[in-house]
Amino acid sequence: MIDDTLKIFKEFTKKDFRILAGIELGMRDFEWVPLLEIQRFAGLPLDKLRYRLEWLRRKKMVIGTLDPYEGYKIYFEAYDALALHTYVQRKTFSAIGDEIGVGKESVVMEVQKEPVIAAADPETFILKLHREGRTSFKQVKRTREHLAGKEHFSWIYAARLSADREFTIMKKLWPDVSLPKPIDQNRHTIVMEVAKGSELSKTKVLDPDWYLDEILRQMKLVYAKGIIHNDLSEYNIFVSEDGIQIIDWPQYVTLAHPHADELLRRDVENVINHFSKKYQIERDIDETVAEIKKGVAIDIDQLKEEFPEEEKLPEEELQEFKSESDVESEVDFEIDLEDE
Ligand SMILES: Nc1ncnc2c1ncn2[C@@H]1O[C@H](COP(=O)(O)OP(=O)(O)O)[C@@H](O)[C@H]1O
Ligand SMILES: [Mg+2]
């Protein structure tokens with residue numbers, strides 16, 4: 001999937017990216033973006049535009065219709081290509097490496113940034129491409145409710161919203177909480193540092209008591225900021241000689257969430273059950289939850305101010321989202337225009 005996109009990506013011309021960005025922009029208002037809308041954005045004569053659209057259609061980047069008018073929409077793969085293109089232009093990274101994880105709701109790859117100093121080693125980062133709109137029925141249903149009449153837009157919206165949430169919360173928590181440093185964000189994707197060590201689920205640690213205590217200590221730090229991870233388990237915790245790092249944040253909730261207590265308890269339960277099964281360490285779940293909450297005084301009203309996005313009405317959220325993308329598309333393509 002992504003491999004195919006990467007192969008095709010190399011064959012893309014600048015015009016192809018403008019065409020895809022034009023369709024992306026148009027999809028906020030149209031299910032099928034009219035040919036003339038695309039032309040307005042891409043600035044190509046119609047015959048050339050149709051030729052490139054046909055090429056993009058054969059590469060399964062776009063799909064077209066002639067009824068009731070000639071219009072196009074992009075596939076997820078094109079959305080990936082647009083994000084990759086933006087990162088390369090911004091010099092966030094310059095090369096794409098191996099796919100290292102395919103989760104339910106994401107594809108995760110290694111990427112390389114060229115060193116600033118000659119003869120230094122390239123830096124490796126992690127690119128996470130969100131897939132929520134495509135794979136998660138729940139998420140799509142939720143965003144459908146937000147998107148009355150714009151269902152065709154729901155996958156772009158859902159995946160983008162998740163990437164936004166994940167990047168924003170990582171920026172808020174890092175470096176006080178131990179997680180990979182967030183580096184950059186575009187569309188439905190984020191770039192971060194490589195987590196140290198390996199997943200807790202794939203490791204047998206020599207000092208499990210120490211690691212369990214360290215995980216609980218980090219959970220308390222997160223909680224003290226008014227946040228609950230809400231998908232914590234041995235799969236989202238990395239362990240190394242230096243300690244632990246927590247990944248996979250898009251589904252976090254704040255303590256203002258009506259089920260905050262239950263969700264915290266479930267995270268604690270997941271962690272404690274893992275250490276009990278694998279290392280026969282027994283800890284009382286209720287006592288551990290109490291320990292995390294002890295001494296933490298959160299002003300819920302202040303929290304709501306700090307996380308207004310949690311409180312926003314869907315329509316408001318969509319409106320902001322739309323105006324953000326406008327600016328972004330302009331900026332992304334300025335460079336293109338200059339060197340043409
Ligand atoms: N920063 C990172 N460093 C190393 N590996 C990572 C990193 N982020 C994600 N991964 C790998 O990719 C997998 C999926 O990423 P994750 O953020 O957990 O998304 P999902 O929601 O799909 O589980 C992880 O289980 C992990 O193996
Ligand atoms: Mg995960």
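This is a conversation about reading a few features of one predicted model.

Reader: Now sheets. In which order do the five strands of the open sheet lie?

Author: The general idea comes first: strands of a sheet pair through backbone hydrogen bonds, either parallel or antiparallel. Here the order is β4-β5-β6-β8-β7, and the pairing is antiparallel. β4 (95–102) and β7 each have a single partner strand, so one side of each has no neighbour in the sheet. From one strand to the next, the twist averages 25°.

Reader: Which strands does β8 pair with?

Author: On one side, β6 (residues 123–130) pairs with β8 over five bridges, in the antiparallel sense. If you want a landmark there, find L129, whose bridge partner in β8 is T189.

Reader: Is β8 mostly covered or mostly open?

Author: Mostly covered: four of the five residues in β8 (residues 189–193) are buried. You'll also find helix α5 (residues 76–90) lying across β6, β7 and β8, and α5 runs at about 130° to β7.

Reader: What sits in the turn between β7 and β8?

Author: β7 and β8 form a hairpin with two residues between them, and R187 is in that turn. Phi of R187 is near 50°, a positive value in a residue other than glycine.

Reader: Why does R187 count as buried?

Author: The call rests on a neighbour count, with the cut-off at 20 or more other C-beta atoms within 10 Å. R187 has 22 C-beta neighbours inside 10 Å, so R187 counts as buried.

Reader: Which residues are closest to ligand 1?

Author: D248 comes up again: the closest are G101, G103, S106, A195 and D248, out of 18 residues that surround ligand 1. β4, β5 (106–113) and β6 each contribute at least two residues to that shell. By type, the shell has nine nonpolar, four polar and five charged residues.

Reader: On to the core. Which residues of the largest nonpolar core touch the most other members?

Author: As a general idea, nonpolar side chains tend to be buried together in soluble globular proteins. In this model the largest nonpolar core has 78 residues, and L20, I23 and V191 touch the most other members. Helix α8 (residues 154–173) provides the largest share of this core, with eleven residues.

Reader: What does I23 touch?

Author: Leaving out residues up to four places away in sequence, I23 touches V33, I38, V62, Y72, K73 and I74.

Reader: Which strands make up the open sheet of three?

Author: The order is β1-β3-β2, with antiparallel pairing. β1 (33–34) and β2 (62–65) are the edge strands, each pairing on one side only. Helix α2 (residues 14–26) packs on this sheet and touches β1, β2 and β3, and the direction of α2 makes about 95° with that of β3. Between β2 and β3 (residues 71–74) there are four bridges, in the antiparallel sense. I63 stands opposite K73 in β3.

Reader: Last one: where do I find a cis peptide bond?

Author: Look at omega. One cis peptide bond joins D67 and P68, with omega about 10°, and P68 is in the loop between β2 and β3. Another joins W174 and P175, with omega about 5°. P175 is in the loop between α8 and β7.

Note on methods: Residues are numbered from 1 along each chain as its sequence is written. Chains are lettered from A and ligands numbered from 1 in the order in which they are written. This is a predicted model: local features need pLDDT of at least 70, side-chain atom pairs count only at pLDDT 80 or more; totals for chains, interfaces and linings use all residues. A residue is buried if 20 or more other C-beta atoms lie within 10 Å of its own, exposed if 12 or fewer, and partly exposed in between; C-beta atoms are placed from the backbone. Two strands pair if DSSP finds at least two bridges between them. A nonpolar core is a set of buried Ala, Val, Leu, Ile, Met, Phe, Trp, Tyr and Cys residues joined through C-beta atoms within 7 Å. Two residues are in contact if their C-beta atoms, placed from the backbone, lie within 7 Å. Axes are lines fitted to C-alpha atoms, for helices over the stretch in contact, and angles run from 0 to 180 degrees between N-to-C directions. A residue is near a molecule or strand if its C-beta atom, placed from the backbone, lies within 6 Å of it. Ala, Val, Leu, Ile, Met, Phe, Trp, Tyr, Cys and Pro count as nonpolar, Asp, Glu, Lys and Arg as charged, and the others, Gly among them, as polar.
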